[in-house]
Amino acid sequence: MAYTRNSSRPRRRFFHRRKVCRFCADSSLKIDYKNADSLRFFLTERGKITPRRINGCCAKHQRELTVAIKRARTLALLPYAVTEG
Amino acid sequence: MKRYEVVFISLADLSADETDGVIEKYTSIITELDGKIVKVDKWGKRRLAYYIRKRREGFYTLVDFGGENKIIQELERNFKIDDKILRYQSVKLSDHVDPDELDREIEEAKQKEAPPEVPPAEEKPEEPAVEAAAEPEEPAAEEVEKPQEDTDEPPSEPSEKETGEQ
């Protein structure tokens, strides 16, 4: 049957590179809510926090990161949402 | 003794004297309640990421100190009342700090006064006193630049989930 043949085929054919958490790789990088410019890198243009599958962070650092971003948001260092147009 | 870090945003249209007065008011609250101020860092006027009380600018001040939680209670009570304060946030950096350790750090900070320098700013609860001096903006900005190339490609990868979001 076509269906079974289909499922046995490797579904993900595109190149998949395992990303390494950049905070684990470089311990000199610190997650700090006061440094909004470095946190901005982990936001989308809309101001949302990028998911782990995009930014490649490990669970531990993603957790720290979200806390830092949320703290920076309360201080108006980072936006909650960017609305345009 | 606990270690706290309080950032507050005061109105940007106050004169320099008035801003100093505001800062003085809150630092005196800390010292009156037996707190030890490690540093007072004026970040200066900054643009806010969103409007707070119809304002787009604010004067940021960071106060790093050691003390008991009654200081935080008193500070926040006053922040709430004060019209000149747009926003405040207090963060506990560590639960147990040795007062002598703090004194030493204050001394160090005084000695380093000549070259403007930012003492420990990390949120490491395990270490009471973080010696590593985190320099502010400049180096961090560079650090972020290189990883940027990495994450340019990946967004194309999980196509099903991404479209679901929109």
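Helix H2 of chain B comprises 13 residues (69–81), and at 1.5 Å a residue these should span 18 Å; the end C-alpha atoms are 19 Å apart, which agrees. The expected span is 1.5 Å times one less than the number of residues in the helix. Helices (H or I, at least four residues) and strands (E, at least two) are DSSP runs numbered from the N terminus. The model is predicted: local features need pLDDT of at least 70, side-chain atom pairs count only at pLDDT 80 or more, and totals for chains, interfaces and linings use all residues. Residues are numbered from 1 along each chain as its sequence is written, and chains are lettered from A and ligands numbered from 1 in the order in which they are written.

Within H2(B), the residues Ile71(B), Leu75(B) and Phe79(B) are buried. Seen down the axis of H2(B), its buried residues fall within an arc of 65°, so they line one face of the helix; the arc is that of the directions from the helix axis to the C-beta atoms. A residue is termed buried if 20 or more other C-beta atoms lie within 10 Å of its own, exposed if 12 or fewer, and partly exposed in between, with C-beta atoms placed from the backbone. An α-helix has 3.6 residues a turn, so residues three or four places apart point the same way. On the other side of H2(B), the exposed residues are Asn69(B), Lys70(B), Gln73(B), Arg77(B), Lys80(B) and Ile81(B). The buried residues of H2(B) pack against E1, helix H1 (16–32), E3 and E4 of chain B, where a contact requires C-beta atoms, placed from the backbone, within 7 Å. H2(B) lies across E1, E3 and E4 of chain B and runs at about 170° to E4(B). Axes are lines fitted to C-alpha atoms, for helices over the stretch in contact, and angles run from 0 to 180 degrees between N-to-C directions.

The strands of chain B form an open sheet of 4 strands in the order E2-E3-E1-E4, with antiparallel pairing. The edge strands are E2 (36–52) and E4 of chain B, each of which pairs on one side only. From one strand to the next, the twist averages 20°. Two strands are taken to pair if DSSP finds at least two bridges between them. Strand E1(B) (residues 2–11) is largely enclosed by the rest of the structure, because 8 of its 10 residues are buried. E1(B) is joined by 10 bridges to strand E3(B) (residues 55–67), and the two run antiparallel; in this pairing Arg3(B) stands opposite Gly66(B). E1(B) also pairs with strand E4(B) (residues 85–94), in the antiparallel sense and over 8 bridges.

The loop between E2 and E3 of chain B contains Arg53(B) and Lys54(B). Most residues other than glycine have a negative phi. Phi is positive, however, in both of these non-glycine residues: near 45° in Arg53(B) and near 60° in Lys54(B). Arg53(B) counts as exposed, with 10 C-beta neighbours inside 10 Å, and Lys54(B) is likewise exposed, with 5 such neighbours.

Taken as a whole, chain B has 5 helices and 4 strands, arranged from the N terminus on as β-α-β-β-α-β-α-α-α. Of its 166 residues, 22% count as buried. Among contacts in chain B between residues at least 6 apart in sequence, 71% join residues at least 24 apart.

Chain A contains 5 helices and 0 strands, in the pattern α-α-α-α-α along the sequence. Buried residues make up 26% of its 85 residues, and residues 24 or more positions apart account for 68% of the contacts in chain A with a separation of 6 or more. The mean pLDDT of chain A is 83, and 78% of its residues reach 70 or more; pLDDT is the predictor's confidence in each residue, from 0 to 100. In chain A, confidence is lowest in helix H1(A) (residues 2–8), at a mean of 55, and highest in H5(A), at 94. Where pLDDT is low, the predicted coordinates should not be read in detail. Glu84(A) is found in the segment after helix H5(A) (59–74) and is exposed, with 5 other C-beta atoms within 10 Å. Glu84(A) and Arg46(A) are 38 residues apart in sequence, and their C-alpha atoms are 8.8 Å apart in space.

Notes. Contact = placed C-beta atoms within 7 Å.
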